[in-house]
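Subject: Structure for your review

Dear colleague,

Please find below the structure that I am handing over to you.

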Amino acid sequence: MITAYKKHIVSALILVSSLFITGVASAQIITIPVETQHNALVLQTDADKNLKMVYFGTRLSNTDEYTQIQKMYKQSDDSGVLNDAYTPSGSANLVEPAITVIHADGNTSLNLVYVSQAITKIDDDVSLLTITLKDPAYDFEVKLCYKTFFKEDVTEQWSVIEHHEKGTVTLSKFASANLYLKGDGFWLKQYHGNWASEMQPEESKLMHGIKTIDTKLGTRADLYTSSAFMISMDKPATEDEGKVLYGAMEWSANFKEDFEVDPANNLRLIAGMNNAASEYHLKPGEEFTTPAFLYTYSDHGKGDASRKLQSWARKYKIVDGEGPRFTLLNNWESTYFDFNEDKLKELLKDTKNLGVDLFLLDDGWFGNKYPRNGDNAGLGDWQENKKKLPNGIGSLVKEATADGVKFGIWIEPEMVNPASDLYHKHPDWVIKQPNRPEKYFRNQLVLDLTNPKVQDYVFGIVDSLFIKNPALAYIKWDCNAVIYNAYSSYLKKDQSHLYIDYGRGLYNVMARMRAKYPKVPMMLCSGGGGRVDYGALQYFTEYWPSDNTEPLERVYIQWEYSYFFPAIASSNHVTNWGKEPIKYRVDVAMMGRLGFDIVVSKLSGQELDFCHQALKNYDNLKDIIWHGDQYRLQSPWDNDAASLMYVNSLRSQAVVFNYLVNKRYNSGTKVPIRLKGLDPQKKYQVKEINLYAGAKSSIGDNLVLTGDFLMKVGVNPDVNEGRTSVVLQVDEVK
Ligand code: GLA
């Protein structure tokens with residue numbers, strides 16, 4: 001049997017080898033379709049062997065016809081250079097480049113022509129296409145790499161730059177990808193934010209000229225803007241309709257994404273590491289590999305695109321994405337820095353009493369000469385504080401084990417407070433300008449991860465925690481400062497390498513950590529969601545979306561993250577932020593990896609009972625929430641209530657979450673909400689769960705309806721001021 005994947009490879013090879021002749025020059029035109037199950041990106045050489053991107057969108061049924069696409073465009077002299085597959089600068093192309101170089105001899109021109117290609121089949125789903133481009137005048141080459149995930153319709157694209165010139169070449173720009181999209185108008189949905197207000201969406205039509213989304217913060221790259229975005233083509237896509245491309249950089253340091261509506265009214269998209277203050281000196285024979293730019297496309301709207309990305313992330317990117325997660329109790333908001341061994345032992349009992357899997361000890365457990373009793377001291381000194389923890393972490397881990405719960409711990413290993421032993425011992429390990437006053441972000445500075453010794457030190461923090469406490473079951477990795485006064489004593493004359501080598505150094509450490517501890521769950525945190533990207537998430541099981549855990553705010557924040565990241569990776573904690581009742585808080589936190597950060601002993605009997613019951617329900621439903629398909633039903637931005645659901649792969653079970661987001665008079669769900677993703681032929685029982693003990697649901701006890709009805713007419717969860725949050729469990733009735 002020839003699988004869809006094999007057919008795709010075969011057709012690609014046929015096209016590639018069936019060269020055809022155009023013009024008098026008899027140049028060979030090579031067409032390279034990069035196909036996934038539903039989509040195609042088509043590259044083609046022109047008569048001068050320049051590689052062009054001639055198509056991006058839904059696959060054509062007849063793959064032979066890819067060769068005909070470019071002929072349909074009547075070009076003027078200049079529009080012929082707009083769609084380079086990787087735009088060089090300093091020669092014929094005068095638009096925004098993907099790559100800019102200064103050759104060893106000082107020349108600034110670059111031309112890149114097609115030389116060869118190779119496809120490696122990694123498995124039935126994944127293949128890697130590498131296309132080599134070379135400068136005819138210099139010994140300089142770029143490999144364009146396209147890793148396609150066929151079933152998921154996802155592509156990761158990056159480039160590898162190398163030269164054999166007679167000296168060092170300076171790379172002034174080095175994009176990961178350069179796409180060319182054709183459409184009747186383009187709408188960009190982008191995200192801005194700050195501490196406690198991550199992932200605030202804005203959507204606007206792109207006009208001619210360049211729109212840039214970038215960060216120069218060094219660390220906490222997503223603090224003010226995420227690299228994740230959507231582009232709708234022809235008209236703004238909706239949840240279930242329209243053409244939409246999702247893109248994001250897999251990179252945790254400075255990034256830059258340019259969106260240029262060009263003179264031909266098409267969209268040139270260039271994404272990569274930010275080249276600001278980052279010229280890179282490349283020695284002969286050295287490879288410069290960019291991080292991947294990730295993208296998926298759907299002509300069935302934003303929901304379909306996000307399901308593709310979510311299933312890709314679970315299967316291929318985040319650690320143990322198809323596995324389980326621990327529920328937990330965190331002590332950050334219940335104690336802040338104020339705790340001791342006795343208090344923590346109480347909290348271990350509370351963890352058991354609440355019925356969650358793990359206790360997570362947050363900030364404040366370390367530092368002796370400079371005790372970590374506030375955020376102004378101790379970072380860098382990762383020894384237990386003897387006053388707070390006279391018997392060390394070890395005794396807590398033991399106690400937790402005796403209580404039948406697991407133990408996890410917070411670290412912020414990339415950072416140092418000036419009030420620390422580390423800072424005084426290794427001033428050269430700190431990023432700071434030697435001749436300027438220090439500037440702090442949260443009273444701290446960033447360690448110089450470009451330095452391999454610092455990498456060893458940071459790896460050692462994690463490693464020694466595990467060596468001393470083999471039963472340690474969870475790590476929360478935080479990162480609370482940006483890079484001010486960028487200067488590395490280690491890099492010496494190559495200061496402009498700092499941001500790039502920082503990112504690479506960070507990934508070296510994380511990769512070492514994962515090589516030794518492949519499956520331990522770890523949360524990626526950055527003073528909230530200051531670092532949520534798939535570059536880092538390949539080493540983590542989950543991320544912390546925001547320090548803002550006010551549940552009404554979280555409905556919006558989680559909603560927006562969910563377009564790009566699967567629920568299993570979203571750490572959602574029930575806290576005391578806001579005024580919503582415990583039910584609302586728990587219901588919102590259930591849409592992900594559920595945790596608590598409250599004083600359990602202060603819960604009323606009714607509240608504790610509710611939590612116990614909700615945890616039981618979560619246990620039944622977590623597999624659907626973590627691994628099922630997510631459908632957004634009704635947006636919080638335009639409605640009184642937000643509504644979304646998760647469905648298992650057999651379409652036999654689903655859970656629907658509904659939250660009142662508008663507290664004005666008489667607000668609520670007046671009309672039924674249509675469900676999605678069910679089997680129209682199947683019959684389902686719809687019942688409300690997560691009710692307070694003794695409460696009766698207004699939707700009744702025995703509502704059985706077909707999938708057809710539930711998807712065409714819908715069900716009214718009856719959300720209103722008296723029922724601000726409603727969770728419905730949907731089970732197939734046989
Ligand atoms: C950051 C994190 C919080 C908490 C504190 C501890 O702000 O986002 O969750 O861990 O640090 O200092």
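Helix 4 (residues 341-354) packs with helix 5 (residues 392-403) at an angle of about 25 degrees, and their axes are 10 Å apart. The model is a predicted one, in which local features need pLDDT of at least 70 and side-chain atom pairs count only at pLDDT 80 or more, while totals for chains, interfaces and linings use all residues. Residues are numbered from 1 along each chain as its sequence is written, and side-chain values use heavy atoms, with hydrogens and water left out.

Some terms are needed for the helices. Helices (H or I, at least four residues) and strands (E, at least two) are DSSP runs, numbered from the N terminus. Axes are lines fitted to C-alpha atoms, for helices over the stretch in contact, and angles run from 0 to 180 degrees between N-to-C directions.

**Helices 4 and 5**

Helix 4 and helix 5 are therefore roughly parallel to each other; angles under 35 degrees count as roughly parallel, over 145 as roughly antiparallel, 65 to 115 as roughly perpendicular and the rest as oblique. Their crossing is right-handed, a term used if the near helix is turned clockwise from the far one by less than a right angle, with left-handed used if anticlockwise. On the side of helix 4, the contact (heavy atoms within 4.5 Å) is made by Glu-341, Leu-344, Lys-345, Leu-348, Lys-349 and Lys-352. Helix 5 contributes Ser-395, Leu-396, Glu-399, Ala-400 and Asp-403. By class, this contact of helix 4 with helix 5 has 4 nonpolar, 1 polar and 6 charged residues. Here Ala, Val, Leu, Ile, Met, Phe, Trp, Tyr, Cys and Pro count as nonpolar, Asp, Glu, Lys and Arg as charged, and the others, Gly among them, as polar.

Helix 7 (residues 452-468) and helix 8 have axes 9 Å apart and pack at an angle of about 25 degrees. They are therefore roughly parallel to each other, and helix 7 passes helix 8 in a right-handed crossing. Among the residues making the contact are Val-458, Phe-459 and Val-462 of helix 7 and Val-509, Arg-512 and Met-513 of helix 8. The contact of helix 7 with helix 8 has 6 nonpolar, 3 polar and 4 charged residues.

The loop between strand 27 (472-477) and helix 8 (498-516) holds Asn-485, and Lys-492 is found in the loop between strand 27 and helix 8 as well. Asn-485 has a positive phi of about 50 degrees although it is not a glycine. Phi of Lys-492, also a residue other than glycine, is positive and near 50 degrees. With a relative accessible area of 24%, Asn-485 is partly exposed, whereas Lys-492 is exposed at 59%. Buried means under 20% relative accessible area, exposed over 50%, and partly exposed in between (1.4 Å probe, protein chains only).

**Cysteines**

The structure holds 0 disulfides, a disulfide being a pair of cysteine sulfur atoms within 2.5 Å. Cys-479 is in no disulfide, and the nearest cysteine sulfur, that of Cys-525, is 8.9 Å away. Cys-479 counts as buried, at 0% relative accessibility, and Cys-525 is buried with a relative accessible area of 1%.

Helix 10 (residues 551-561) is mostly covered, as 10 of its 11 residues are buried. The axes of helix 10 and helix 11 (residues 582-589) come within 9 Å and cross at roughly 15 degrees. These two helices are therefore roughly parallel to each other, with a left-handed crossing. The contact is made by Pro-551, Leu-552, Arg-554, Val-555 and Gln-558 of helix 10 and Tyr-584, Arg-585 and Val-588 of helix 11.

Asn-572 lies in strand 30 (residues 571-574) and is buried, with a relative accessible area of 1%. Not counting residues up to four places away in sequence, Asn-572 touches residues including Arg-554, Gln-558 and Val-588.

**Ser-698**

Ser-698 is found in the loop between strand 35 (683-689) and strand 36 (703-706). At 45% relative accessibility, Ser-698 counts as partly exposed. Leaving aside neighbours within four places in sequence, Ser-698 is in contact with Glu-688, Asp-718 and Arg-723.

Yours sincerely,
A colleague
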